[in-house]
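Read it with the structure in view.

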Amino acid sequence: MPLAAPIAADATPKEPFDFDEAFRRLRRAVAGVPKAAMFELRDRGYGSLFEQLVASLISARTRDETTIPVCLRLFAVARSPEALAALEEPELVRLMHGATFPEPKARDLIALSRRIVEELGGTVPDTAEGLMAFRGVGPKIASLALGVALAQPHIAVDIHVHRVTNRWGIVATGTPDRTQAALAAILPRRYWVEINERLVPFGKHVCTGERPRCSACLLLSMCQQVGVTAHR
């Protein structure tokens, strides 16, 4: 159901924000740009819950352009909890070269892999609570892994999802965690996974942090442009 349409800061009336139409436009807007890392890895055949958990943890504070080759290098050596648990920490750090904080991430990955093997019989927990019991795994990582790997309805909010949805004016929040809660109250569940898939590339290439490309944006007629002071 469309959200009510307030008047934009420049006094230009906007269309009601309609999620179905917004996602139709988003798919067109990002059709020609690189996919978000987790979805690219899934489409390349690395879509198991363990692979998505590992990749999501590696991706924290790491650009997608780095995350993808790092994960491909790692998965060429270890794609299962058993294989990753068997790696020595220095070898895993080497494989993760280029990612941010490789040493603590390597420790966390080896620790969670060993717990999965030794305590859980090799089975990765398929709930957010189960995944967040591992050190280094927070709500965003758990939501992303479960959403991409298992199509469970979880909303993964990164800086792009947070910025764009606040700029649209459909939420008014100060942190990604609050954005996640606000979106859960208004976003149809059929879009809970897809919102990250679309808004990561959209936020990188169209609705950028500084000087967004408003004049070329397919969603401009619905966007309140909250906080936008200069654009292209």
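The expected span of a helix is 1.5 Å times one less than its number of residues. The model described here is predicted. For the twelve residues of H12, the rule gives 16 Å, and the end C-alpha atoms lie 17 Å apart, which agrees.

Is H12 enclosed or open to the outside? Because ten of its twelve residues are buried, H12 is largely enclosed by the rest of the structure. Among the buried residues are Glu 194, Ile 195, Arg 198 and Phe 202. The elements that cover them include H1, H2, H4, H9, H10 and H11.

H10 is mostly covered too, with nine of its ten residues buried. These include His 160, His 162, Arg 163 and Trp 168. They pack against H1, H11 and H12. At the start of H10, the backbone nitrogen of His 160 has a side-chain oxygen of Asp 158 within 3.1 Å. Just after the helix, Gly 169 has a positive phi of about 90 degrees.

| Helix | Residues | Buried residues |
|---|---|---|
| H10 | 159-168 | nine of ten |
| H12 | 194-205 | ten of twelve |

Another pair of helices is H3 (residues 49-59) and H9 (residues 139-150), whose axes come within 8 Å and cross at roughly 145 degrees. The crossing is right-handed. On the H3 side, the residues in contact are Leu 49, Gln 52, Leu 53, Ser 56 and Leu 57; those they meet in H9 include Ile 141, Leu 144 and Val 148. By class, this contact has ten nonpolar, two polar and no charged residues.

Methods
Residues are numbered from 1 along each chain as its sequence is written. This is a predicted model: local features need pLDDT of at least 70, side-chain atom pairs count only at pLDDT 80 or more; totals for chains, interfaces and linings use all residues. Side-chain values use heavy atoms; hydrogens and water are left out. Axes are lines fitted to C-alpha atoms, for helices over the stretch in contact, and angles run from 0 to 180 degrees between N-to-C directions. Helices (H or I, at least four residues) and strands (E, at least two) are DSSP runs, numbered from the N terminus. A crossing is left-handed if the near helix is turned anticlockwise from the far one by less than a right angle, and right-handed if clockwise. Contact means heavy atoms within 4.5 Å. Ala, Val, Leu, Ile, Met, Phe, Trp, Tyr, Cys and Pro count as nonpolar, Asp, Glu, Lys and Arg as charged, and the others, Gly among them, as polar. Buried means under 20% relative accessible area, exposed over 50%, partly exposed in between (1.4 Å probe, protein chains only). A polar contact is a pair of N or O atoms within 3.5 Å; within protein, one must be able to donate a hydrogen and the other to accept it, and residues adjacent in sequence count only if both atoms are side-chain atoms.
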